[in-house]
Amino acid sequence: MEANDFLNNLGNFFNNLEEIIQISYFGLDPYNPNNSEDNYQELFRHNIRERLNMRVESEYTYQKNGIDINGEEISLKNKTERYDLLIKKLSIIIELKAVEKFESINLQQLFHYLDTSDYKYGILINFTKSKDIKKSYARCKIFEKKNKFTKKDKFNCEYSHYKYELINEFKTQSYYELMGDNVISTVSNNNNSSDDSSEDNGELCKSKVIEIG
């Protein structure tokens, strides 16, 4: 792919990313506690292909390697690692989560995948799964691989990593602000009795609005 075509396709992807994430998140109903990372992954991948007609690899597996005492790379027997989604055409690895919030370990996982590959961009997305339905929005962080640096330890062994630049981050619209609570009202009688005695005493029931969370 020529440089101009790559940049145009990359820009088009980034311009559509927030909408695709939000549609994927809202399309599974964020209030549903049974939603899993796998569910979001399948729908998100489908929506990328539908919108951008782009090939997206899912659960892409590669050989896990290590550096031995001689500084040489070796393959670890029967050990593999896996990217959630991979867009080879755009040099993008995408790591998905469905948790309360981002943790440092999530970032380190993405950086490790980029460190040990030739891919340039890493995207971390959290399709937030929270007990508080008011926190019903997805978050996204986009990183670009920059310069590689190498350090030596006290035994004169070399170790290398890359530096990463956070080039964009955002959160989607709140599903809660859009849709509101599921429960509108509850019924209680004038005596605040714990049992349903409205038919026995003939008293009118009153409705009161309640808010969840």
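What is the volume of the largest pocket? It comes to about 780 Å³. By pocket I mean, on a 1 Å grid over the protein atoms alone, an open set of points with protein on both sides within 12 Å along at least five of seven lines. The volume is the space filled by probe spheres set on those points, with points joined across faces, edges and corners.

Before going on, a word on where this comes from. This is a predicted model, so local features need pLDDT of at least 70 and side-chain atom pairs count only at pLDDT 80 or more, while totals for chains, interfaces and linings use all residues. Residues are numbered from 1 along each chain as its sequence is written, and side-chain values use heavy atoms, with hydrogens and water left out.

OK, the overall layout. The protein has five helices and eight strands; helices here are DSSP runs of H or I with at least four residues, strands are runs of E with at least two, and both are numbered from the N terminus. Along the sequence the order is α-α-β-β-β-α-β-β-β-α-β-α-β. Of the 213 residues, 35% count as buried, meaning under 20% relative accessible area with a 1.4 Å probe and protein chains only; over 50% is exposed, and in between is partly exposed.

A lining residue has an atom within 4 Å of a point. Which strand gives the most to this lining? That's S1, with seven residues. The lining divides into nine nonpolar, eleven polar and eight charged residues. For that count, Asp, Glu, Lys and Arg are charged, Ala, Val, Leu, Ile, Met, Phe, Trp, Tyr, Cys and Pro are nonpolar, and the others, Gly among them, are polar.

There is also one cavity of 30 Å³ or more in the whole structure. A cavity is a set of points where a 1.4 Å probe fits but cannot get out.

Now the inside. In soluble globular proteins, nonpolar side chains tend to be buried together. Here the largest nonpolar core has 32 residues, and Phe13, Phe44 and Ile94 touch the most other members. A core is a set of buried Ala, Val, Leu, Ile, Met, Phe, Trp, Tyr and Cys residues joined through side-chain atoms within 4.5 Å. Helix H1 (3-26) gives the most to this core, with seven residues. A second, separate core has 13 residues, including Tyr83 and Phe111.

Take a look at Ile94. Apart from neighbours within four places in sequence, its contacts include Phe13, Phe44 and Ile123, where contact means heavy atoms within 4.5 Å.

Last stop, the loops. Gly27 sits between H1 and H2 and counts as exposed because its relative accessibility is 55%. It is 13 residues from Tyr40 in sequence and 9.2 Å from it in space, C-alpha to C-alpha. Asp29 is in the loop between H1 and H2 as well.

Most residues other than glycine have a negative phi. Asp29, though, has a positive phi near 65°, and Asn156, in the loop between S5 and S6, has one near 70°. Is Asn156 buried or exposed? Asn156 counts as exposed, because its relative accessibility is 53%.
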